[in-house]
Amino acid sequence: MNTYALIVLVALLGEFALSVVSSLLNIQAMSPNVPDEFRSVYDDETYGRSQQYTRSRTRFGLVQEAVSLVTLLLFWQLGGFGWLDGLCRVAGLGPVPTGLLFIAALVVGLTVLGLPFRIFSTFVIEERFGFNRTTIGTFVLDRVKGLVLGAVLGGALLALVLFFFEWAGPLAWIWCWGAATTFMLTAQFVAPTWIMPLFNTFSPLESGDLKDALLDYARSAKFPLDGVFVIDGSRRSAKANAFFTGFGSRKRIALFDTLIEKQTTPELVAIVAHEVGHYKRRHILKNLVIGLAHTGALFWLLSLFLDRQGLFDAFGVPEPSVHAGLVFFGLLFTPIELVLSIVVNRFSRRYEFEADAFAADTTGTGESLITALKTLSADNLSNLTPHPLQVFLHHSHPPVLQRITALRGLDR
Ligand SMILES: [Zn+2]
């Protein structure tokens, strides 16, 4: 077995083992009693259900990971990559169409493999815990729209990457980086107007106390707002959320209808204030810059590995190509991506504390955000006591109890 193959094998098995350990610790860390702070929002029955929900989702996640891992290992060891590469070359197309075919086939394969899991997650687990609102029709349409969108946007970017690495020489990675940057920035601009409306309906929030309170807050925080919208999240799930879209003076708040249903006006203002905090503390910009730097680094590293024959030998593909190199490099990079995502999550959790502090500061109290967080946790059956290893590895948000403690500290 060559070095590349060994690295990938150890990384894949190691990541799975880590996942099993952290999941088991996470289950063990669940406290049998409702934490005092949450007695007002959880009765014993709801709390019990939230624990069952965490258990079900954890078990499901592990099964899905195991099946993906075994499938990948079988496909690899049985010579699947070499077979697929040969198949895509039969037609004798140029390197770009051949590469598109190769990656499209893998994406279709992954989608088909993931489909039963999506169905089970939506119509069995989420359904059992009362979250699912997705009809079969919406589910099918979502998949179709997602595939078409991915084929058009992803296909275009992929074609450019294949093209540059084929013909742009040693500076290809810079061209790819430029193309990816243009795509990422354009997507940020067109997502609210072209992409999101394909999946959800945005309607302006009706005039009234809530709208007045939100606009008053935005004015007081010197945050120019183009509008407040309600998004029909209830079409798919009972879970609630809120987010911003747009840039500059074209910023819009989108509140899930499910959120408006459950939270009071001061709580909704506090939630919006938290989101404004992400803007004002430049988290959105920082994330974008980190994302761009990450992409650039990946393309540069990719360019270093594309001519390593050993990488292709490791996966049983005799003839080196950009498309296969792209996939194998992705696998080789699993452990480094894990480390990077841990670092990014670490930052993200700090940003959450900062946005919470901003909300408390600009609304004059942390109390509304505290009750909002409690209601959200109870409604979403969140795990209140995740294990620190699980938080360290996977969580972009701090445990809600830590956020509440931090907010109380500010209110003194
Ligand atoms: Zn946040």
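**Entry 1: helix α1**

I began with the length of helix α1, residues 3–28: at 1.5 Å a residue its 26 residues should span 38 Å, and the end C-alpha atoms lie 37 Å apart, which agrees. I note here that the model is a predicted one. Next I looked up which residues of α1 are buried, and found Tyr4, Ala5, Val8, Ser19, Ser22, Ser23 and Asn26. An α-helix has 3.6 residues a turn, so residues three or four places apart point the same way. I then checked what covers the buried residues of α1; the cover includes α2 (44–77), α11 (309–314), α12 (322–332) and α15 (388–394).

**Entry 2: the sheet**

I traced an open sheet of 4 strands in the order β1-β2-β4-β3, with mixed pairing. Its edge strands are β1 (202–204) and β3, each of which pairs on one side only. Neighbouring strands of this sheet are turned by 35 degrees against each other on average, with direction ignored.

I then took strand β4, residues 252–256, and asked how many of its residues are buried. The count is 4 of 5, and I put β4 down as mostly covered.

For the pairing, I found β2 (residues 227–231) running parallel to β4, with 5 bridges joining them. Gly227 has Arg252 of β4 as its bridge partner, and Phe229 has Ala254. With β3 (residues 242–245), β4 runs antiparallel, and 4 bridges join the two. In that pairing Phe244 stands opposite Ile253 of β4.

**Entry 3: helices α7 and α9**

I looked at what lies against the sheet and found α9 across β3 and β4, running at about 45 degrees to β3. Helix α9 (residues 265–280) also meets helix α7 (residues 209–220): their axes come within 10 Å and cross at roughly 35 degrees. I recorded the crossing of α7 and α9 as right-handed.

Which residues make this contact? From α7 I listed Asp209, Leu210, Ala213, Leu214 and Tyr217, and from α9 Thr265, Leu268, Val269, Val272 and Ala273. Sorted by class, the contact of α7 with α9 has 8 nonpolar, 1 polar and 1 charged residues.

**Entry 4: Trp173**

I placed Trp173 in helix α6, residues 172–199. Is Trp173 buried or exposed? I counted 22 C-beta neighbours inside 10 Å, so Trp173 is buried, the cut-off being 20 or more. Leaving out residues up to four places away in sequence, I found Trp173 touching Phe299, Trp300, Leu302 and Ser303.

**Entry 5: positive phi values**

Most residues other than glycine have a negative phi, and I looked up two residues against that background. Arg282 has a phi near 60 degrees, a positive value in a residue other than glycine. I located Arg282 in the loop between α9 and α10 (283–305). With 13 other C-beta atoms within 10 Å, Arg282 is partly exposed.

Leu381 is the other entry, with a positive phi near 50 degrees. I located Leu381 in the loop between α14 (367–379) and α15. Leu381 has 21 other C-beta atoms within 10 Å and is therefore buried.

Key: Residues are numbered from 1 along each chain as its sequence is written. This is a predicted model: local features need pLDDT of at least 70, side-chain atom pairs count only at pLDDT 80 or more; totals for chains, interfaces and linings use all residues. A residue is buried if 20 or more other C-beta atoms lie within 10 Å of its own, exposed if 12 or fewer, and partly exposed in between; C-beta atoms are placed from the backbone. Two strands pair if DSSP finds at least two bridges between them. The expected span of a helix is 1.5 Å times one less than its number of residues. Two residues are in contact if their C-beta atoms, placed from the backbone, lie within 7 Å. Axes are lines fitted to C-alpha atoms, for helices over the stretch in contact, and angles run from 0 to 180 degrees between N-to-C directions. A crossing is left-handed if the near helix is turned anticlockwise from the far one by less than a right angle, and right-handed if clockwise. Ala, Val, Leu, Ile, Met, Phe, Trp, Tyr, Cys and Pro count as nonpolar, Asp, Glu, Lys and Arg as charged, and the others, Gly among them, as polar.
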